[in-house]
Amino acid sequence: MSDTPLAKAPIKTPKDLAAETGRVNVQINGVWHQFPKGTRMIEACRQVQVAVPHYCYHPKLTAPGNCRMCLVQIGMPPRPAPGQEPQRDAQGYEAITWMPRPVIACANTVSENLGICTTSELVENCREGVMEFLLINHPLDCPICDKAGECRLQENAAAHGRGTSRFVDNKVKKPKNVAIGPRIRLDDERCILCGRCIRFMDEVAGDPVLGFTQRGTHTTLSVHPGHLLDSNYSLNTADICPVGALTVNDFRFQMRVWFLKETPTLDVNCGTGTNISVWTRENTIHRITPRRNNDVNSDWMPDSHRLNFHYIDGPARLTQPLVKHGAHHAPTGWPEALQSAAARLKAHAPQQIAIIASGRMTNEELSLTRALAQAIGTAQVALVPRFAAADALLIAGDRNPNTTGAKLILDTEDPFAKLDAIREQVRTGALRALIVLGEDLIADAGFTADDLGKLDFLLQSHILANATADAAHLVLPAAAFTEKCGSMVNLSGRLQRLNRATDSPGLARDDWQILRDLIRALGGEHPQLDQIEDVFVQLAASIPAFAGLSLATIGAAGVPVLDTGYQIPLLENERARNG
Amino acid sequence: MAVIKIQRPKLRFGEKIYLTALCKGFFLTLRHAVKSLMGKSMGAKDLASSGLGVTMQYPEQNWDAQLPAYYRGAPALVTDEQGRERCVACQLCEFICPPKAIKITPGEIPSADPWAKVEKRPAAFAIDMIRCIYCGMCEEVCPEQAIFLRKDYVILGTSRKEMVHDKQKLYAIGGVRTGLVNKWNELK
């Protein structure tokens, strides 16, 4: 080292440059990157698209490091002798000395000038060894396993397995097909003892009923005696199970996953606006799973919401417009239905007409509802409130998914306020015609069949035949949430998008098209609306919070448009856990 | 690309009027006609003909005895020595089937069934024989040795519905097949 003043000028090394932003330099497979201090090695690799196979690690849970699949080789600069300057290469990085033994990438964090190698022969041998041990007792019943096709063990066996077994003894027998909960089933032979489900139930669901019993090769996942895996979040364990040990009863043997098409959309069972994937084949929904959104639902969703989709294909589904003749309904066509609706509405004075809309409608539908009210000339527009107990995780007390959007679009603090007045006016006979959009008044809004009988004209659009439809003079078949495209604003003020996963059955139509055609039939002035995007553009022009947005720019993760101050409890818990 | 010009062959007068070739052809046909009437057609024995030329009088006569071992006829489901239906409704054949002829509805085996440990079997299995192209991919992909292409080639029906083989018909065609791998043995 030279002692000249020039050489002592402060030259910033990569270490200093990274430290300025709280980062460290890490070399992954020969390429240098910067990561924040404290990043797990496996996360660092994931961020730069380097695959590290793993089973027990899950980004939202603690890392016990028990599957050993994520072993990688690491290296660090050697500690210099006293007085010795570290060796640096041309870019200023210190030379890395590789360690002879691998470490797990999930439970170790990155440090300055660390080297990670995921492709060396040592790492490949480790993976092959781990796979061989895991497959010793695995039953290999992939043909009957619901997880086949999305099973990590299958994927890793193909990528890192030996292909043949050297094991000659009999496999260990464990309990199979055990009903450990009302909605879930356990196959212990398939279990690879990663413990993800145990950690999920303990850390996220707060109902630690799962655990390991026995020892060694007989270790068995089981539910605590006297308890059941009956938490409303139990099915998330099947999602995160890397193998087919935990499977969902509802989806059991329904369809192999490789036939299913995945559509990202939203859950409409409460105001949280959980992000979901709808899995369909040939217009049939086979299952719903949560979709990661770290600002809404993390990776999870409640069972009650996940399983609430069978009504879409149910026998009560409306498939054609129905008009009431005497006591019975008869099918009719759309043009006739809309013309008769317009004619019967025009026969009443505007103040005799009211609209009851739904908090389950999208922003676009609500904006057309507002336009419909304007076309009729009535100010009597109300939503049906739907409040129940919140569950301190993901289920919000407000079970309407778009109350926040309704407040914005109808420009009122309490969109439910006029419902009681409308009900009273129907009872006194002041209101003669009622338009009901997506609600069952008798079941949810405190109306009785007698009340509805007093009306001259009751128009209902809904997806199911129900008591209100029975009393309605005209019933219009609408689209279910998986059949429509549109946007909603959740309780925390995030604008999110619904996408169409299936087509509506029969003659059923998208709600926004029904509203648009009804407005046209009433002779209302309306700009050209050919697709749902046009409705949103028109809406965005009138709502300042949506300014500059379009359905396309909302994206899969949504856009925060409002600060409502509402905090999703599950995310609060997650933040508290991560410190 | 270079263009190669080809010259037409120069024909002589005799070739141009093609009368000689025509006569040659007549005599060749006549020779074969006489041979076939005398029952001396070439390969008549190998092709199991009716004796008149090499023509086989189908359907009175057929070639079933001569079908090679690798012949691919109608796909069918089989049971094994233990009387177990081998198909577990994994739907790989449905997935691989190039013309999408196969449609499977999976079902669960009830716990009272002696084969309850297999857990899964087809509730319905249908192969549309109008669509089937006899490629044999279903047999190749089957992880349970449950579907085989048989030598049946006479698939008849008077309606589209009749041309769809349901589960019952598939097991009737397939019958029992012995000597297959017993994957669901007592150790399972």
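Let me begin with a definition: a residue is called buried if 20 or more other C-beta atoms lie within 10 Å of its own, exposed if 12 or fewer do, and partly exposed in between, with the C-beta atoms placed from the backbone. This is a predicted model, in which local features need pLDDT of at least 70 and side-chain atom pairs count only at pLDDT 80 or more, while totals for chains, interfaces and linings use all residues. Residues are numbered from 1 along each chain as its sequence is written, and chains are lettered from A and ligands numbered from 1 in the order in which they are written.

Let us look at chain A as a whole. Its C-alpha trace spans about 95 × 70 × 40 Å along the principal axes, and 46% of its 579 residues count as buried. Chain A has 18 helices and 23 strands, where helices (H or I, at least four residues) and strands (E, at least two) are DSSP runs, numbered from the N terminus. The domain assignment, which is automatic or comes from a database, gives domain 1 (14–119), domain 2 (137–253) and domain 3 (322–570). The centres of domain 1 and domain 3 of chain A, taken over C-alpha atoms, are separated by 54 Å.

Now for one strand in detail. Why is strand β22 of chain A, residues 494–498, described as largely enclosed by the rest of the structure? The reason is that five of its five residues are buried. A:R494, A:Q496 and A:L498 point one way from β22(A), whereas A:L495 and A:R497 point the other way, and all are buried.

Finally, the contact between the chains takes 13 residues from chain B and nine residues from chain A, where two residues are in contact if their C-beta atoms, placed from the backbone, lie within 7 Å.
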